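Student: Could you take me through one part of this protein in detail? I'd like a close look at the shell around the ligand, and at whatever ties in with it.

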Amino acid sequence: MYELKKNLRFKLLISTFLLSLLLAILMYIFIDSHNVYITRLQQAYGYLALLYWYFALIVSPIKAISPENNKYVKRLLFARRAIGVSAFYFAVLHATIAFFGQLEGFSGISYYPRYFSVSLLFGLIGLSFLLVMTVTSFDKIVDFLTFKKWKLLHRLGYFAAILVYLHVWMVGTYLGRTWLQIIILALLLMLFVLESWRLSNYFENRYKKTRVFTFLIFILTLALLCGLTLAIPSIVERYHGDHENLEVH
Ligand code: HEM
């Protein structure tokens, strides 16, 4: 038990649970309307799921560009699985409250507009990926799968992240706010710079390419990631953009 308490992963999971509880209690105290309470809580859990997921994703590129044996990076790497599990935990809370609290559960499904259902389907697929990644995050399962296959499976997390990005963009009400868009874009840009740097370093070390070639890989990857991120909002419509009076509260 003493060892468990000292364990960073355990501490992180406990803090995640306490944070979810604290948020639910504080919002309950300060928000009068039940409907608004449900909506705000669901939104807060949704954004926390994204934030934890983001941290779980950014650990690998940070490790790749850090000096070997850096003790902070080692701790971060150790904590990564608990960060991923926390992301899944918040996503489950978000989806459960949104589906049963805000959207009236299974009885409401037939009334959803098609566009809205598609977005929820993206969210559901994203959630299923998070479930697979959480279930396969235990040491015994990693050993069973072998590290190589486990890593390949976890790379699918990037695909799930794109679907959830679409889900949030399509139905998120808060995402219409410019300040939130700026924060999200800044965080994504940081992740993309690190990921592009990691990829170009990989090419340089593995294929012994010249500096110019490596720099080209960096620029192309960064341009591709930024282009995709900015293209989605201009191609995909926001549900609330056209249906302000139909907002689900
Ligand atoms: C079965 C799965 C899911 C369901 C049923 C669901 C449901 C919903 C609904 C109904 C909304 C609209 C909320 C509103 O208008 O206030 C929403 C938005 C959102 N969802 Fe999900 N979701 C699911 C999966 C996910 C996952 C996996 C994540 C993150 C990892 C996520 C993160 C978010 C975020 C951040 C928003 C934006 C909140 C806002 O700006 O209003 N969702 N979701």
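Tutor: Here is the shell first, then the domains. Bear in mind that this is a predicted model, where local features need pLDDT of at least 70, side-chain atom pairs count only at pLDDT 80 or more, and totals for chains, interfaces and linings use all residues. Residues are numbered from 1 along each chain as its sequence is written.

So, the ligand: 29 residues surround it, with G46, A95, G123, G172 and Y174 the closest (a residue is near a molecule if its C-beta atom, placed from the backbone, lies within 6 Å of it). Helix 3 (34-65), helix 4 (71-102), helix 6 (114-135) and helix 8 (147-171) are the elements that give two or more residues to that shell; helices here are DSSP runs of H or I, at least four residues long, numbered from the N terminus. Helix 3 gives the most, seven residues. By class, the shell has 19 nonpolar residues, 10 polar and no charged, with Ala, Val, Leu, Ile, Met, Phe, Trp, Tyr, Cys and Pro counted as nonpolar, Asp, Glu, Lys and Arg as charged, and the others, Gly among them, as polar.

Now the domains: the protein splits into domain 1 (2-175) and domain 2 (176-249), with bounds from an automatic or database domain assignment. Their C-alpha centres lie 20 Å apart. Across the boundary, 23 residues of domain 1 are in contact with 20 of domain 2, contact meaning C-beta atoms, placed from the backbone, within 7 Å. Helix 3 turns up again here, giving the most to the side of domain 1 that touches domain 2, with 10 residues. That side has 18 nonpolar, five polar and no charged residues.

Methods
Contact = placed C-beta atoms within 7 Å.
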